[in-house]
Amino acid sequence: MAQKYVIIGGSAGSFQVVTQILSALPANYDLPIFLCLHRLKHIRTGFIEALSIKSMLPIVEPDDKEHIRSGTIYLAPANYHMYIELGNTIALSTEPSINHSRPSIDLSFISASYSYKEKLIGIILSGANKDGAQGLKAVKESGGIAVVQSPDECQVKTMTMAAIKATQVDHILNTQQIIDFLKKLN
Amino acid sequence: MQVEKDDILRIIDTIKKASSYDFTDYSEKSFARRIEKILIDTKLDIEGLIKQLKSSKEFLEHIVKEITVNTTELFRDPKMWHTIKYRILPRFQEQDTINIWHAGCSTGQEVYSMSILLNEMNMLDKCNIFASDLNLDALEIAKRGEYKYRFNVEYIDNFNKVIRQNPYNFEEVIDIPFTKYFDIDLTKDLLKAKPILKQKPIYRKQDLVREDNVFYTKFDIIFCRNVLIYFNYDLQNRIFENFHKNLFNKGTLILGIHESMLGPVSSKYIKKGMYYLKK
């Protein structure tokens, strides 16, 4: 199984960034990547298709209790919280929204940081609310690496600013630097 | 706050000894998360929680309701409802009666969704509709059929997608307004189900963990969506066995769109895309 795991959270303005990142990763990219992205309520479908067009790696919206595999990208399904659990499995839940969000970035990040500790890289992208700040803090506190997209580059900087305020992040990077960073981990 | 495994086991044991509820085969992490939330909400610590569970039956009932998840919505996942409308229900069109069970119906939105669909397909009259849940408060809301309007605007979006649009023919728009089935009361901020939707369903309390079937009939269709995700493999398997026993031949089992049947029991069903048929 992979030595490292990547979790990415984003909201408003993050879709293009995620697309750029995914399209730049090679087909032999080995690290599992978890994507927890807020979507507009009326655009719940078609999202995975749009991401898949650009990616050489398989992207799935996982089922509950699905086993995590290398080289796969897991997109939190619309309207569910996605937890990354010990034993390399995914758990879904329909518990109420947190900070108006389901999936909640905080919940996904906190569960992944508990499971993967220092093996986890957490990345917060553009977004218009504060979801993810507590999650990135948990990543950092568990020994993982905390990365934030450079607020200057973000379409909406609220989410990255909140994350930077909540924890001492390791790297503040623009999209191209995030891509280079992720490639070096492989 | 991270609840330790020992604490979880003690809480499960306390509830088991003081009541009929058994959370032994709940998904451990999911149970832990609910307990963490309860500790924050009640401002109790583990010892305080256990003490109260032992001393007050009412408190215990309240906590059980807090542990179980009650989220649901009208026509949740429209594409599943399209499958029901165009793939599943047509198979039952010639049948004289259709027995439907909503297992874990929570506050009833799914029961109302199905009733609307059945009525639009002229099949409601010949259906027997049964619905069960562990939570009596949720069942009361289900019977009343009143939901907040302001926070649930997506109910109307979902309704339009499922009832008014044909995914196989985008040019067809079916002219049926939401208000045919729900009154919108803006002053009270409520959506109220109309009487036609309330005549059929029979609601009963059932604990899926220890009761097989409280309706004493078999079913053509069983709904159990986003309920079993909170259970571990063994309990899921047991419940799939139970559904198998209580389905008619070729009966249909409908799960949440991100749930799948794992383990030995899956050989007793045929997976048909988004739903399962009893072999």
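Contact here means heavy atoms within 4.5 Å of each other. With that meaning in hand, one can follow how the elements of this predicted model are placed against one another. In chain B, for instance, helix α5 lies across the strands β7 (219-224), β8 and β10, and runs at about 155° to β8(B). The account below begins with chain A, moves on to chain B, and then returns to this helix.

Chain A contains 6 helices and 9 strands. Its C-alpha trace spans about 35 × 35 × 30 Å along the principal axes.

Strands of a sheet pair through backbone hydrogen bonds, in either a parallel or an antiparallel manner. In chain A, 7 strands make up an open sheet with parallel pairing, and their order is β3-β4-β2-β1-β7-β8-β9. The edges are taken by β3 (59-60) and β9 (171-173) of chain A; each has a single partner strand, so one side of each has no neighbour in the sheet. For β3(A), pairing with strand β4 (residues 73-75) of chain A is parallel and extends over 2 bridges. Within β4(A), A:Tyr74 is the residue that A:Val60 stands opposite.

Two helices of chain A also meet. A pair of packed helices is described by the angle between the axes and by the distance between them. The axes of helix α3 (residues 105-116) of chain A and helix α4 (residues 133-141) of chain A come within 7 Å and cross at roughly 10°. Because angles under 35 degrees count as roughly parallel, α3(A) is roughly parallel to α4(A). On the side of α3(A), the residues involved are A:Asp106, A:Phe109, A:Ile110 and A:Ser113, and they meet A:Ala133, A:Gln134, A:Gly135, A:Leu136, A:Ala138 and A:Val139 in α4(A). By class, this contact of α3(A) with α4(A) comprises 6 nonpolar, 3 polar and 1 charged.

In the loop between β6 (89-93) and α3 of chain A lies A:Pro103, and the peptide bond from A:Arg102 to A:Pro103 is cis, with omega near 10°. In the loop between α3 and β7 (120-124) of chain A lies A:Lys117. Although A:Lys117 is not a glycine, it has a positive phi of about 45°.

Chain B has 9 helices and 10 strands. Its radius of gyration is 20 Å, close to the 19 Å given by the globule rule for 279 residues, so chain B is as compact as a globular protein of that length. Taken along the principal axes, the C-alpha atoms of chain B fill a box of roughly 60 × 50 × 30 Å.

An open sheet is found in chain B as well, formed by 7 strands in the order β6-β2-β1-β7-β8-β10-β9, with mixed pairing. Here β6 (202-205) and β9 (269-272) of chain B stand at the edges; each has a single partner strand, so one side of each is left without a neighbour in the sheet. On average, neighbouring strands of this sheet are turned by 20° against each other, with direction ignored. Strand β8 (residues 247-255) and strand β10 (residues 275-278) of chain B pair in the antiparallel sense over 2 bridges, and B:Thr252 stands opposite B:Leu277 in β10(B).

Another pairing in chain B joins strand β4 (residues 182-185) to strand β5 (residues 190-193), which run antiparallel and are linked by 4 bridges. These strands, β4(B) and β5(B), form a hairpin with 4 residues between them, and B:Asp189 in the turn has a positive phi of about 55°. B:Phe182 stands opposite B:Ala193 in β5(B).

It remains to return to the helix α5 of chain B. The axes of α5 (residues 78-88) and helix α8 (residues 154-164) of chain B come within 9 Å and cross at roughly 25°. That angle makes α5(B) roughly parallel to α8(B), and the crossing is right-handed. The contact is made by B:Pro78, B:Trp81, B:His82 and B:Lys85 of α5(B), together with B:Asn158, B:Lys161, B:Val162 and B:Ile163 of α8(B). These residues of the contact of α5(B) with α8(B) divide into 4 nonpolar, 2 polar and 2 charged.

Methods
Residues are numbered from 1 along each chain as its sequence is written. Chains are lettered from A and ligands numbered from 1 in the order in which they are written. This is a predicted model: local features need pLDDT of at least 70, side-chain atom pairs count only at pLDDT 80 or more; totals for chains, interfaces and linings use all residues. Side-chain values use heavy atoms; hydrogens and water are left out. Axes are lines fitted to C-alpha atoms, for helices over the stretch in contact, and angles run from 0 to 180 degrees between N-to-C directions. Angles under 35 degrees count as roughly parallel, over 145 as roughly antiparallel, 65 to 115 as roughly perpendicular and the rest as oblique. A crossing is left-handed if the near helix is turned anticlockwise from the far one by less than a right angle, and right-handed if clockwise. Ala, Val, Leu, Ile, Met, Phe, Trp, Tyr, Cys and Pro count as nonpolar, Asp, Glu, Lys and Arg as charged, and the others, Gly among them, as polar. Two strands pair if DSSP finds at least two bridges between them. The radius of gyration is taken over C-alpha atoms; the globule rule is 2.2 Å times the number of residues to the power 0.38.
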